[in-house]
Amino acid sequence: MALDQSFVGRTYPPTDPYEVGREKIREFAEAVGDANPAYTDPEAAKALGYADVIAPPTFVFSITFKAAGQVVQDPRLGLDYSRVVHGDQKFAYRRPVRAGDRLTVTSTIEAVKSMAGNDILDIRGEVHDESGEHVVTAWTKLVARAAEPAESVDATDGKA
Amino acid sequence: MTAKIAYGDVEVGTELPARSFPVNRATLVRYAGASGDFNPIHWNEKFAKEVGLPDVIAHGMFTMAEAVRVVTDWIGDPGAVVDYGVRFTKPVVVPNDDQGAVIEVTGKVGAKLDDNTVRVDLTVTSGGLKVLGMSRAVVRLA
């Protein structure tokens, strides 16, 4: 089903703040098996110039993808969420996410396309801290596969 | 930021230390909990097969997290990553056995950019298949 093209450029209201906790960062770092002390030891993080432990580069996806939920689940857009796979993911960092951050995400639909029966949705999530400073931008490409999978789409990562 | 690699010490073609990252079903359950992504294709074999997958597959974001470790281990300071992007091209299939799967990551400097930054091009495979495409990170060196 073709998506509603009029959604291109639409921006959703900022999310409620997500407070980044030291122990959540530790849990994530352990889940990816990464022993870098900047993720768990405030002194090691300070030695690198950070006020507190920092998060691994992809940590923020959990926050931006949750924010993107208000886009992909918007019934007016018409996306078949049951067939959505993750196509591309990109981040541009102003600074690393760190413990104590209170982050809000503002999601914008950058592109809506149909290719070979697949619906393709590009969402940009701008992440800001409590003082309004930009921290990171996340771009997420979601593909809703056609009923008959097209050869050109190999993305197979489910919802995320 | 204090990367332990100096811009002047690298050239286009400089190779980063390669890494192998094992992943089994327990890894995926743990990542699901830490990331909040409980899609059953990452832990329920019956469900994965019903939706046309060969078996349970790793979270794409897990693979993305492992791949960039080649970069962050090289520079020491994970906060020196300026930009990081991937395309998910093939799934990492994780069988329910003693072995699981292995994600193999190599990286080399693809370009020297302005402001002491370099682009690292990553090659990420599992079972001999390329699982990420266009996998690139820009990092600020000392």
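Mentor: Let us go through the numbering, the confidence, the fold of one chain and the interface in turn.

Mentor: This is a predicted model, where local features need pLDDT of at least 70 and side-chain atom pairs count only at pLDDT 80 or more, while totals for chains, interfaces and linings use all residues. Residues are numbered from 1 along each chain as its sequence is written, and chains are lettered from A and ligands numbered from 1 in the order in which they are written.

Trainee: What pLDDT does chain A average?

Mentor: The pLDDT is the predictor's confidence in each residue, from 0 to 100. Chain A averages 90, and 91% of its residues score at least 70. Over residues 149-154 of chain A, though, the pLDDT is below 50. Where pLDDT is low, the predicted coordinates should not be read in detail.

Trainee: How many helices and strands does chain B have?

Mentor: Helices (H or I, at least four residues) and strands (E, at least two) are DSSP runs, numbered from the N terminus. Chain B has four helices and five strands, in the order β-α-α-α-α-β-β-β-β along the sequence.

Trainee: Which residues of helix 1 of chain B are buried?

Mentor: A residue is buried if 20 or more other C-beta atoms lie within 10 Å of its own, exposed if 12 or fewer, and partly exposed in between, with C-beta atoms placed from the backbone. In helix 1 of chain B, the buried ones are B:Thr27, B:Leu28, B:Tyr31, B:Ala34 and B:Ser35. They lie on the same side of helix 1 of chain B because they cover an arc of only 125° around the axis, taken from the directions from the helix axis to the C-beta atoms. An α-helix has 3.6 residues a turn, so residues three or four places apart point the same way.

Trainee: How many residues of chain B are in contact with chain A?

Mentor: Two residues are in contact if their C-beta atoms, placed from the backbone, lie within 7 Å. Here 38 residues of chain B are in contact with 34 residues of chain A. Strand 2 of chain B gives the most to its side, with eight residues.

Trainee: How do the strands meet across the two chains?

Mentor: Two strands pair if DSSP finds at least two bridges between them. Strand 2 (residues 84-93) of chain A and strand 2 of chain B run antiparallel, joined by five bridges. In one of these, A:Ala92 has B:Asp83 as its bridge partner.
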